Amino acid sequence: MARNLVFILALTSLCISLVAADWNILNQKRRNGFKSESTSGLKNYCESWRINVELNNIREFKVVPQECIAYIKHYMTSSQYEADSERAIEEVKLYLSTCCHLQGDGKDAWIFDVDDTLLSTIPYYKKHGFGGEKLNTSLLEEWMKESKAPALEHTLKLFHVIKDKGVKIFLVSSRSETLRSATVDNLINVGYHGWSSLILRYIYICGNTKGVLKMNSRICKNTNPRQEKD
């Protein structure tokens, strides 16, 4: 492996976290003159919908289609979810063992996302309709502050395999900076330790304006001494 190469662990969340469909396939069928979906047809549709969400083909949706909530619940609490997670990790381990030669000199890095990669949000969504309800960010953050999210066990094992190879581990998350202490406590409590850095969203306030720091954005132009330069 080339020195300073950064691996990005792109384990697409199997949990249907903040996304879902605006339209109802049953209504579409009726408008087009078709009969209601059979049980088999509905299952096929929901499976296809879930896969396409994971592939990021379906984007910017607010709730799981109502007719698919039971299916999503069944999948997320089933042995198939566990099997899919385990297989994804095994493929990552295979890639890691064959792609390159790690120097163990601290110049190799690996990036993990936090939610639904290291920590599971399934307990939260069990209480909130498995994506059938619009996301309430305040409620989700209150749950995150409890630091009770369980580890995804297969990823936890991978985390330590990578760390033991001398690779520096960086964690990234869409969680806000205000959740840093709760996130660190949660990670440590379920067995993660020894990462190099945890990168969270930085919330900035300019007068009465509140926002999220993004790459290449201008922050509090002409008023904030920390504003970014071109």
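Because the model is predicted, local features need pLDDT of at least 70 and side-chain atom pairs count only at pLDDT 80 or more, while totals for chains, interfaces and linings use all residues. Residues are numbered from 1 along each chain as its sequence is written, and side-chain values use heavy atoms, with hydrogens and water left out.

A disulfide is a covalent bond between the sulfur atoms of two cysteines. The search of the whole structure, which takes cysteine sulfur atoms within 2.5 Å as a disulfide, finds one. Its partners are C46 and C68, with sulfur atoms 2.1 Å apart. C46 belongs to helix α2 (residues 39–54) and C68 to the loop between α2 and α3 (69–76), so the bond ties together parts that are 22 residues apart in sequence. Helices here are DSSP runs (H or I, at least four residues), numbered from the N terminus. Both C46 and C68 are buried, where buried means under 20% relative accessible area, with a 1.4 Å probe and protein chains only.

T155, in helix α7 (residues 153–164), is buried as well, with a relative accessible area of 2%. Beyond its neighbours within four places in sequence, T155 is in contact with I89, F112, T117, L118 and Y192; contact means heavy atoms within 4.5 Å.

Note on methods: Helices (H or I, at least four residues) and strands (E, at least two) are DSSP runs, numbered from the N terminus. Buried means under 20% relative accessible area, exposed over 50%, partly exposed in between (1.4 Å probe, protein chains only).
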